[in-house]
Amino acid sequence: LEMEKARGAEREVKGDAARRQAEEELQGLRVRLGTEESLRARLREDAAGQKTLLDALHTDLRRAREEIAEAHLTRDREEETARLTREREVETERKGRGRLEAEARALRSAVVAERERWE
């Protein structure tokens with residue numbers, strides 16, 4: 001009977017030791033699982049942050065492209081305005097020269113007519 005009690009106590013001690021070991025292993029697994037969940041959560045946060053950053057970069061790129069396009073349009077308008085201004089100046093100058101030439105011809109004709117009248 002004593003032997004049976006000793007064996008029962010030994011089995012109980014072994015069972016308690018096995019139970020403690022299993023609980024420790026389970027706790028270790030829970031810690032590891034918690035760490036993995038924590039890492040996954042951090043990865044999700046990082047991914048969300050990266051997406052936010054990427055969206056901001058896309059927005060900045062779009063704005064920069066719009067600004068470049070607007071700058072090109074402004075430059076083209078300014079160049080066209082300068083070209084038209086030069087053309088108007090040339091035309092005005094040409095008309096002015098033509099008017100002066102016509103006045104000079106008229107004066108020469110008047111001078112010739114006046115000479116002929118005096119002669």
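**View 1. Glu 93 and Arg 97 are separated by about one helical turn, being four residues apart in helix α1.** In this predicted model, Glu 93 forms a salt bridge with Arg 97. The closest N and O atoms of Glu 93 and Arg 97 are 3.6 Å apart.

**View 1. Glu 93 and Arg 97 are separated by about one helical turn, being four residues apart in helix α1.** In this predicted model, Glu 93 forms a salt bridge with Arg 97. The closest N and O atoms of Glu 93 and Arg 97 are 3.6 Å apart.

**View 2. Arg 62 and Glu 66 meet through their side chains in a salt bridge.** The N to O distance between Arg 62 and Glu 66 is 3.3 Å. Arg 62 and Glu 66 belong to helix α1 and are four residues apart, so about one helical turn separates them. Arg 62 has a relative accessible area of 42% and is therefore partly exposed. Glu 66 is likewise partly exposed, because its relative accessible area is 44%.

**View 3. Asp 16 is joined to Arg 19 by a salt bridge.** The closest N and O atoms of Asp 16 and Arg 19 are 2.4 Å apart. Both residues lie in helix α1, where Asp 16 and Arg 19 are three residues apart, about one turn of the helix. Asp 16 counts as partly exposed because its relative accessibility is 26%. Arg 19, at 46% relative accessibility, also counts as partly exposed. The salt bridge of Asp 16 and Arg 19 belongs to a count that comes to 15 salt bridges.

**View 4. Leu 53, Leu 54 and Leu 57 form a nonpolar patch on the surface.** Together, Leu 53, Leu 54 and Leu 57 have about 280 Å² of accessible area. Leu 54 lies in helix α1, which comprises residues 2-118. The relative accessible area of Leu 54 is 45%, so Leu 54 is partly exposed. Leu 54 also meets the accessibility requirement for a patch, because that requirement is over 30% relative accessible area.

Technical notes: Residues numbered from 1 in each chain as written. Predicted model: local features only at pLDDT ≥ 70, side-chain atom pairs only at ≥ 80, totals over all residues. Heavy atoms only, no water. Patch = residues over 30% accessible without salt bridge, like charges linked within 9 Å, V, L, I, M, F, W, Y side chains within 5 Å. Areas by Shrake-Rupley, 256 points an atom, 1.4 Å probe, with all protein chains shown as cover. Salt bridge = Lys/Arg side-chain N within 4 Å of Asp/Glu carboxyl O. Helix = DSSP H or I, 4+ residues; strand = E, 2+ residues; numbered from the N terminus. Buried < 20%, exposed > 50% of the residue type's maximum accessible area, 1.4 Å probe, protein only.
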